[in-house]
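Visitor: I'd like to go through the side-chain contacts in this one with you. Could you put it up on the screen?

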Amino acid sequence: LSRAGLEDTACAYIARACRAPGSVLASLDLEGNDAGPKACEQFAETIAQTSLKALSLEGNNLTQGGTDGFIEFCKGLRSSSLTRLSLWRCNLPQACGPALAEGVGPSLFLLETGGNLFLEKHLDDIEDRLRANRDARDQAAEEARVLRRKTRKEQKAKAAADALAAKQRDVEEFLARRKQERAEKREQEAKEKAEAE
């Protein structure tokens, strides 16, 4: 839907439609349209309530008519599942910088903010949060890798122990059968000797 000439109201409708029951949309590209405050307000709910992972609003003048919609969007962003968000060239004013930095939730790893009017300190805050998210993701991945390795070793050790236990049972059963056979043979020999006498 990039560069489709969609107005703010149409973009807001699309945002609402993404919340329809059964929707499994993972990525949405609305680059180069005319999304504004109405779309931002709807996307605030959409990104907070769905499993949308990637969203591009690049080239949309999101704060035309005021910043309230974008502030709401940032609140929704905090609890979203988004991992990638493009706000490139959205003409966002300095006043939106703190809200966007605060809105960087734990799942967001890539946020494109170029072409806006943010102060350097707000961009630094955003990058710090993104870096912390990426570090946490990498740490979780490493812990998962270590756990998988540990689990494989434990499974392998258990399989070896089970195989050894099974072999020991086989030996014990074999020895028990041999013992029983020898006892039966001695009993038979004794019986035959008694009958012969």
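Visitor: Which residue forms a salt bridge with E58?

Guide: Bear in mind that we are looking at a predicted model. The partner of E58 is R89, and the closest N and O atoms of the two are 3.0 Å apart. This pair links distant parts of the chain, since E58 belongs to the loop between β2 (54–56) and α3 (68–78), while R89 belongs to the loop between β3 (84–86) and α4 (97–103), 31 residues apart.

Visitor: And E58 itself, buried or exposed?

Guide: E58 counts as buried, because its relative accessibility is 15% and the cut-off for buried is under 20%. R89, on the other hand, counts as partly exposed at 40% relative accessibility.

Visitor: How many salt bridges does the count come to?

Guide: The count comes to 12 salt bridges. One of them joins E72 to K75, with the closest N and O atoms 3.3 Å apart, and here both residues lie in helix α3, three residues apart, which is about one turn of the helix. E72 is partly exposed, with a relative accessible area of 34%, whereas K75 counts as exposed at 53%.

Visitor: What does R129 meet in a salt bridge?

Guide: The side chain of R129 meets that of E102, at 3.2 Å from N to O. This pair also links distant parts of the chain, with R129 in helix α5 (residues 120–196) and E102 in helix α4, 27 residues apart. R129 is partly exposed at a relative accessible area of 28%, and E102 likewise counts as partly exposed, at 48%.

Visitor: Which residues are linked in a network of salt bridges?

Guide: That network links four residues, namely E127, D128, R131 and R134.

Visitor: Switching to aromatics, how many aromatic pairs does the structure hold?

Guide: The structure holds one aromatic pair. It is formed by F70 and F73, and the two rings are stacked, with 5.9 Å from centre to centre and 25° between the planes.

Visitor: Why does that angle make them stacked?

Guide: The angle between the planes of F70 and F73 is 25°, and planes under 30 degrees apart count as stacked, so the pair falls in that class.

Visitor: Where do they sit, and are they buried or exposed?

Guide: F70 and F73 are in helix α3, and because they are three residues apart there, about one helical turn separates them. F70 counts as buried at 0% relative accessibility, and F73 is buried too, with a relative accessible area of 0%.

Visitor: What sits over the ring of F109?

Guide: The charged end of R137 sits over that ring, 4.5 Å from its centre.

Visitor: Now the surface. Which residues form a nonpolar patch?

Guide: V171, F174 and L175 form a nonpolar patch on the surface, and together they have about 270 Å² of accessible area. V171 has its place in helix α5 and counts as partly exposed, at 42% relative accessibility.

Visitor: What about E173, where does that lie?

Guide: E173 lies in helix α5 and is partly exposed, with a relative accessible area of 44%.

Visitor: What distance separates the C-alpha atoms of E173 and Q188?

Guide: The C-alpha atoms of E173 and Q188 are separated by 22 Å, the two residues being 15 residues apart along the chain.

Notes:
Residues are numbered from 1 along each chain as its sequence is written. This is a predicted model: local features need pLDDT of at least 70, side-chain atom pairs count only at pLDDT 80 or more; totals for chains, interfaces and linings use all residues. Side-chain values use heavy atoms; hydrogens and water are left out. Helices (H or I, at least four residues) and strands (E, at least two) are DSSP runs, numbered from the N terminus. Buried means under 20% relative accessible area, exposed over 50%, partly exposed in between (1.4 Å probe, protein chains only). Rings of Phe, Tyr and Trp (its six-membered ring) pair if their centres lie within 6.5 Å; planes under 30 degrees apart count as stacked, over 60 as edge-to-face and the rest as tilted. A charge sits over a ring if NZ of Lys or CZ of Arg is within 6 Å of the ring centre and within 35 degrees of the ring normal. Patches are made of residues with over 30% relative accessible area and no salt bridge: like charges are joined within 9 Å, nonpolar side chains (Val, Leu, Ile, Met, Phe, Trp, Tyr) within 5 Å. Accessible areas come from the Shrake-Rupley method with a 1.4 Å probe; for residues, only the protein chains shown count as cover.
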